[in-house]
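Take a first look at the fold below. Then follow its parts from the whole down to single residues.

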Amino acid sequence: MDHLEEAVDLSPNNADYHFALGEALGAKTTRAGMLKQAMLAPRIKNAFEKAVQLNPKHLGANIGLAQYYSQAPGFMGGDMEKAMVLADVVLSLDEYQGHRLKAQIYERDKRADKAEQEWKILSSKQPKDWRVWKNLGYFYLRTNRAETAVGALDKYVALKPDTADSYDSRAEAFLKMSKLDEAEKRSSKGA
C-alpha cells in the first residue's frame, strides 16, 4: 500500500496510480472489520473518483467507482443511480464489461429480472463469448434456476471444451439439482 501511495504522491496526475490505489484499498476492506471498512471507504471512493477525473475513459476506474456506489451504504456515499450512470459510461467503452456491470448492479439491488435482461442482451450480441455463458450460468445458479443454468453452461462447455472449469461449472448446476450421476457423467469431455 505504501508503494502505491508513494506513486500517487510522486505522480498525482496519473489515473492508473489512483485506480491501483483504489483497487488495493478495496481489496483491503475484504479482510477488515466494519470500523476499518468505514475508515477506508472515503479513501477508496476518492481514489476512483480522482482516476475518473483524470481520465474519464479509464475503464477500470469507472467500473471501480460504479461498484463502490452500488456496494456502499448511503451514509458512506453509496448511490445506485450514480452507479448506473457510470455503468452506462462503461457500456460505451466496452460492451461486455458494461452489460456485466449493469447486471451486477441490478442483482445487488435485488432486481434479478433486470440483471437477467442485461445477460440476455449480451448473449444475443456476443453469442461466441464464453464469459457471457459462464456468467449467465452462474447468475441462474445464484437465482436458484439450476435447470436453466445447465443450458447456459452447456454453451460455455461448447465454446471452451478444453478447459476443466467449463465442465466443473456445468457439474455444479447438476449438483445443485441433486443429479449426482448426471454431474459425474457431464463433468468430463465427451459428455
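This is a predicted model: local features need pLDDT of at least 70, side-chain atom pairs count only at pLDDT 80 or more; totals for chains, interfaces and linings use all residues.

Start with the whole. The protein has eleven helices and zero strands. The C-alpha atoms fill a box of roughly 55 × 35 × 30 Å, taken along the principal axes. The protein has 191 residues, and 42% of them count as buried. Now consider contacts between residues at least 6 apart in sequence. Of these, 43% join residues at least 24 apart.

Next, turn to one pair of helices. Two packed helices are described by the angle between their axes and by the distance between those axes. Helix H7 covers residues 112–125, and helix H8 covers residues 130–142. Their axes come within 10 Å and cross at roughly 160°. An angle over 145 degrees counts as roughly antiparallel. H7 and H8 are therefore roughly antiparallel to each other. The crossing of H7 past H8 is left-handed.

Which residues in H7 and H8 meet? From H7 come Ala112, Ala115, Glu116, Trp119, Lys120, Leu122 and Ser123. From H8 come Val132, Trp133, Asn135, Leu136, Phe139 and Tyr140. By class, this contact has nine nonpolar, two polar and two charged residues. Glu116 and Lys120 in H7 are the charged ones, because Glu and Lys count as charged.

Now look inside. The largest nonpolar core holds 48 residues. Which of them touch the most other members? They are Tyr68, Leu101, Ile105, Trp119, Leu136 and Leu141. H8 gives the most to this core, with seven residues.

Tyr68 deserves a look of its own. Leave aside its neighbours within four places in sequence. Tyr68 is then in contact with Ala41, Pro42, Ile44, Lys45, Met76 and Gly77.

Finish with Glu147. This residue is found in helix H9, which covers residues 146–159. Is Glu147 buried or exposed? Its relative accessibility is 62%. Exposed means over 50%, so Glu147 counts as exposed. Gly137 lies ten residues away from Glu147 along the chain. The C-alpha atoms of Glu147 and Gly137 are separated by 9.6 Å.

Methods:
Residues are numbered from 1 along each chain as its sequence is written. Side-chain values use heavy atoms; hydrogens and water are left out. Axes are lines fitted to C-alpha atoms, for helices over the stretch in contact, and angles run from 0 to 180 degrees between N-to-C directions. Helices (H or I, at least four residues) and strands (E, at least two) are DSSP runs, numbered from the N terminus. Angles under 35 degrees count as roughly parallel, over 145 as roughly antiparallel, 65 to 115 as roughly perpendicular and the rest as oblique. A crossing is left-handed if the near helix is turned anticlockwise from the far one by less than a right angle, and right-handed if clockwise. Contact means heavy atoms within 4.5 Å. A nonpolar core is a set of buried Ala, Val, Leu, Ile, Met, Phe, Trp, Tyr and Cys residues joined through side-chain atoms within 4.5 Å. Buried means under 20% relative accessible area, exposed over 50%, partly exposed in between (1.4 Å probe, protein chains only).
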